[in-house]
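Here's a quick tour of one protein model.

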Amino acid sequence: MRKLERIEPTHPVSHIVIVGENLRVLGTLALEDVHKRRYGMLYTDPPYGTGSKRTTRYDDTMTGTAWSEYVRIRMAFAGCLLREGANMAVSIDDHKEHHLR
């Protein structure tokens, strides 16, 4: 597992893109006070929970309660990072959308 790397910008920035396994990234950021309630937008792309074994990029075999708990933990961490009035975008298919509401 790769270590999260901190890259300090050379000029003021208003946007940050972090690529990584979402539990690890969200959990790490949520534990640092400097990140709490800081962000106005968060995008995440969790597994769709289709039960399919066709992908090797992530575990899409989780369904039902296991999938719901997987997503719930990540949304809880994300909630710690978003400021009031912020937006969260989640890439998910039509079959799981109602579980995220």
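Axes here are lines fitted to C-alpha atoms, for helices over the stretch in contact, and angles run from 0 to 180 degrees between N-to-C directions. Helices (H or I, at least four residues) and strands (E, at least two) are DSSP runs, numbered from the N terminus.

This is a predicted model, where local features need pLDDT of at least 70, side-chain atom pairs count only at pLDDT 80 or more, and totals for chains, interfaces and linings use all residues. Residues are numbered from 1 along each chain as its sequence is written, and side-chain values use heavy atoms, with hydrogens and water left out.

On confidence (pLDDT, the predictor's score for each residue, from 0 to 100), the protein averages 81.

| Element | Residues | Mean pLDDT |
|---|---|---|
| helix α3 (lowest) | 97-100 | 78 |
| strand β2 (highest) | 82-90 | 92 |

Now the helix pair: α1 (residues 22-30) packs on α2 at about 35°, with the axes 9 Å apart. In contact (heavy atoms within 4.5 Å) are, among others, Leu23 and Leu26 of α1 and Ile73, Arg74 and Phe77 of α2.

Arginine 74 sits in helix α2 (residues 64-81). With a relative accessible area of 6%, arginine 74 is buried (under 20%; exposed is over 50%, partly exposed in between; 1.4 Å probe, protein chains only). Leaving out residues up to four places away in sequence, arginine 74 touches Glu21, Asn22, Leu23 and Leu26.

Then there's arginine 37, in the loop between α1 and β1 (39-44). Arginine 37 isn't a glycine, yet has a positive phi of about 55°.
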